[in-house]
Amino acid sequence: MGAVPRGATAITHAYVQAALREGARAVDATCGNGHDTVFLAQLVGETGKVIGFDIQQQAVDNTHSRLAEAGLLGRCELHLCSHARMGEVVKEPVDAVMFNLGYLPGGNHELTTQFDSTQQAVQQAMALLRPGGIITVGVYYGMKSGFEEKEQFMEYIKTIDNMEYTVLVHDYVNQPNCPPIAVVIEKRTER
């Protein structure tokens, strides 16, 4: 067996990489600084598409710049709006959706994701998934409102229909300083 990915980002990237192929459709529900958007755009290839969301202009601008530097803008569509509007914007089934909960690194730490809009977005993402598609959620919770969102989100995912979705939680239980948690939600291919 190969090396086990370490950290929430490595874990979520490993799952997404296994789920995507040339021509796939993906969503970056929280663009942030664009790292996951670029990652998704590379995986879907020239015939694929990535749709990104963020409520902060700074995040959309950072993502746009990162995509332009990588020559990947043509594969992506960025939206300055809440991921809770995903169902209005995304009209076709998708193969993967990535979320990172918390604040924009390098941005205003007072502006964070909130459970209500996150729950709405995850529900919409589940409805958009193709069978076998995945949602990954990096739960970063070491800030003021992050603990409340983490607790609400972790309780919410326990209620997801186990006949239609599999939910897996990667949590470093013996590490200090609130290590991020990686959550993977997979839409079952058969019932």
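Visitor: Which residue in strand 7 is the bridge partner of valine 169?

Guide: This is a predicted model, in which local features need pLDDT of at least 70 and side-chain atom pairs count only at pLDDT 80 or more, while totals for chains, interfaces and linings use all residues. Residues are numbered from 1 along each chain as its sequence is written, and side-chain values use heavy atoms, with hydrogens and water left out. Strand 6 pairs with strand 7 (residues 181-187) in the antiparallel sense over 6 bridges, where pairing requires at least two DSSP bridges between two strands. In strand 7, the bridge partner of valine 169 is valine 183.

Visitor: Which strands stand at the edges of the sheet?

Guide: Strands (E, at least two residues) and helices (H or I, at least four) are DSSP runs numbered from the N terminus. The sheet is open, has mixed pairing, and its 7 strands follow the order 3-2-1-4-5-7-6. Each edge strand has a single partner strand, so one side of each is left without a neighbour in the sheet. The edge strands are strand 3 (76-80) and strand 6 (165-170).

Visitor: At about what angle does helix 6 run to strand 7?

Guide: Helix 6 (residues 146-157) packs on the sheet and touches strand 4, strand 5, strand 6 and strand 7, contact being heavy atoms within 4.5 Å. Axes are lines fitted to C-alpha atoms, for helices over the stretch in contact, and angles run from 0 to 180 degrees between N-to-C directions. The direction of helix 6 makes with that of strand 7 an angle of about 30 degrees.

Visitor: What kind of aromatic pair do phenylalanine 115 and tyrosine 156 form?

Guide: Rings of Phe, Tyr and Trp (its six-membered ring) pair if their centres lie within 6.5 Å; planes under 30 degrees apart count as stacked, over 60 as edge-to-face and the rest as tilted. Phenylalanine 115 lies in helix 5 and tyrosine 156 in helix 6, so the pair ties together parts that are 41 residues apart in sequence. The ring centres are 6.2 Å apart and the planes stand at 65 degrees, so the pair is edge-to-face.

Visitor: Is tyrosine 156 buried or exposed?

Guide: Tyrosine 156 also forms a tilted pair with phenylalanine 153, at 6.4 Å centre to centre and 50 degrees between the planes. With a relative accessibility of 8%, tyrosine 156 counts as buried.

Methods. Buried < 20%, exposed > 50% of the residue type's maximum accessible area, 1.4 Å probe, protein only.
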